[in-house]
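Student: I would like to learn how to read a few features of a protein model. Please give the general idea before each case.

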Amino acid sequence: MASFTLHGIPVSRGISIGRAHLLTPAALDVKHYLVPEEQVEAEVKRLQDAIAEVHRNLQELWTELPKEAPTELGAFIDVHVLILSDPMISEAPLDIIRSRHYNAEWALVTQIDELSAQFDEIEDEYLRERKQDIQQVAERVLKVLMGTALPAPPPVGEDHFQPQMIVVAHDISPADMLAFRDRSFVGFVTDVGGQNSHTAIVARSLDIPAAVGMSQASRLIEQDDWVIVDGDAGVVICNPSALVMEQYRARQANLMKARKRLLKLKKTPAVTTDGTPITLLANIELPDDCGPALEAGAVGVGLFRSEFLFMGRGAQGLKVPGEDEQFEQYRKAVLAMKGRPVTIRTLDVGADKPLDQTEHTALNPALGLRAIRYCLAEPQLFLTQLRAILRASAFGKVRILIPMLAHAFEIDQSLAMIEQAKAQLREQNVKFDDDVDVGAMIEIPAAALALPMFVKRLDFLSIGTNDLIQYTLAIDRVDYEVAHLYNPLHPAVLNLIAMTIEAGRKAGVDVAVCGEMAGDVKLTRLLLGMGLREFSMHPAQLLAVKQEILSSDLARLVPRTRRILRAMEPAAIAEAVEQLQSL
Ligand code: PEP
Ligand code: MG
């Protein structure tokens, strides 16, 4: 098999080696997990039973057909019965379960995708259109399977029955990415996507090597090809030679060792060499992420992206979570953090995190009804979330963080709604923390340029560098074609960040960075030099950032950083930032 290398955008660090698993959009709609050896025959039977039930349903439909029904209707059912009986549907997916250990839904969809691709090649239009019948039959079976789904088994480790798999797809939505949390995938490769798209962010939070913007990967890589993902370089090697494989395995082992060494820093307080304490917080998507956050030594949660509780529910036919369901999730995180603060960001939907994948009509969604704009337009939804968050504040330290604020009236309306939610709870005699801190994400340049408006009204600020960069440089963070323009070191970006930190310091309002810059060790010293004292990042990045802090001397960093902020030449800035690391 020919070996080839693809270059794209590195988004999640580390090296993974495994077999390619090509994921089509259809496959993303169903659950996919690997079935343990001892459950394979039970899974085969589950699919056989589902097929048998659809057979019975079709027979019933036939017999119940009213006399006056058009003849095509009977013929239509016949076609479905024929398709269902064809070994391509009734046998081949069973073989996939047995050979690849896929769960029944995944095996069926895989087979349907292969068949569909074959149908696309057919010249005869009539025959080509039969593809739809096959898909309809598959949908009938999937519907029955949905009612008999077994819980997915826990993830498998390195030495289990299947080689580790690497997902290769054209695109993966953030919600789909989140669903991979419990699966046995070890790497991700997509054709599209940017460094700080939410898909990339979730890959980082799962701590799985990933590379995006590979343009043709899903066309060039074939099912079961051996693939190496170098998440540091953004390189994917398909069918590597034995020598290359060996080199990467050695690098992988070294990385593992370095990670183990970092674990020793877990309990070490994050303090610079001159004795300044630094607060290291975790970014989480779901309450279960609190475990890894504590293991990494986080002293709290700096960003709980609550929208992930709202996403990916369409496939299960569930609407947005109600107050009680949300409350349970927020309380779970608060209790898990055992008294440490949990900063819950209110719903940040829109742009690349649509609430409903099908309702995506805005021409320019990143500039549209996103985040707080959406919440203020949907006051009942917002109030429900605020009540749920406030109720959780009775169980530990909670802070409320509002995304995408730019206007004074948005801040005022948000604060008024928090008061309204409090009043509603008081009326019901429900306990909450009356002094809950409220903060703003600074992620729109207008906000960073109008800080007095913010520090006057709010208790803390958190800089969302991902969006701040997107909106300052006018580049879509999801679009790989402009990914090369996404530069955290652009002087405009650096100055907006520095201004925010300084304004917070002067006003006595805490400022954190919770965008991806906070977890980039190459930028730790620059941010320290700007005066940043609170960093919030994925748990997997925390110990490496702490290591950097432990050897940083603020007295030396501050004057250098001042000079960097005055510089306007990108090459000079990049060089000076690199030099900070050898100080
Ligand atoms: C940011 O914009 O930097 C941020 C932390 O929020 P998100 O990435 O979820 O938009
Ligand atoms: Mg943001």
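Student: Which residues is Asn103 in contact with, leaving aside its neighbours within four places in sequence?

Tutor: Contact means heavy atoms within 4.5 Å. By that rule Asn103 is in contact with Lys31, His32, Tyr33, Val35 and Glu43. Note that this is a predicted model, in which local features need pLDDT of at least 70 and side-chain atom pairs count only at pLDDT 80 or more, while totals for chains, interfaces and linings use all residues. Residues are numbered from 1 along each chain as its sequence is written, chains are lettered from A and ligands numbered from 1 in the order in which they are written, and side-chain values use heavy atoms, with hydrogens and water left out.

Student: Where is Asn103 found, and is Asn103 buried or exposed?

Tutor: Helices (H or I, at least four residues) and strands (E, at least two) are DSSP runs, numbered from the N terminus. Asn103 sits in the loop between helix 5 (92-100) and helix 6 (104-121). Buried means under 20% relative accessible area, exposed over 50%, and partly exposed in between, with a 1.4 Å probe and protein chains only. With a relative accessible area of 0%, Asn103 is buried. Asn103 and Pro36 are 67 residues apart in sequence, and 9.6 Å apart in space, C-alpha to C-alpha.

Student: How do I read another loop residue, such as Arg340?

Tutor: Arg340 belongs to the loop between helix 14 (323-336) and strand 11 (342-345). Its relative accessibility is 30%, so Arg340 counts as partly exposed. Not counting residues up to four places away in sequence, Arg340 touches Leu294, Ala298, Val299, Gly300 and Lys397. Arg340 and Lys397 are 57 residues apart in sequence, with 6.4 Å from C-alpha to C-alpha.

Student: How do the axes of helix 20 and helix 21 cross?

Tutor: Axes are lines fitted to C-alpha atoms, for helices over the stretch in contact, and angles run from 0 to 180 degrees between N-to-C directions. The axes of helix 20 (residues 465-473) and helix 21 (residues 491-507) come within 10 Å and cross at roughly 130°. Angles under 35 degrees count as roughly parallel, over 145 as roughly antiparallel, 65 to 115 as roughly perpendicular and the rest as oblique. Helix 20 and helix 21 are therefore oblique to each other. Their contact is made by Thr465, Leu468, Ile469, Thr472 and Leu473 of helix 20 and by Ala492, Val493, Leu496 and Ile497 of helix 21.

Student: How do helix 24 and helix 25 pack?

Tutor: Helix 24 (residues 554-566) and helix 25 (residues 570-580) pack at about 170°, with their axes 10 Å apart. They are therefore roughly antiparallel to each other. Leu557, Arg560 and Ile564 of helix 24 make the contact with Ile573, Ala576, Val577, Gln579 and Leu580 of helix 25.
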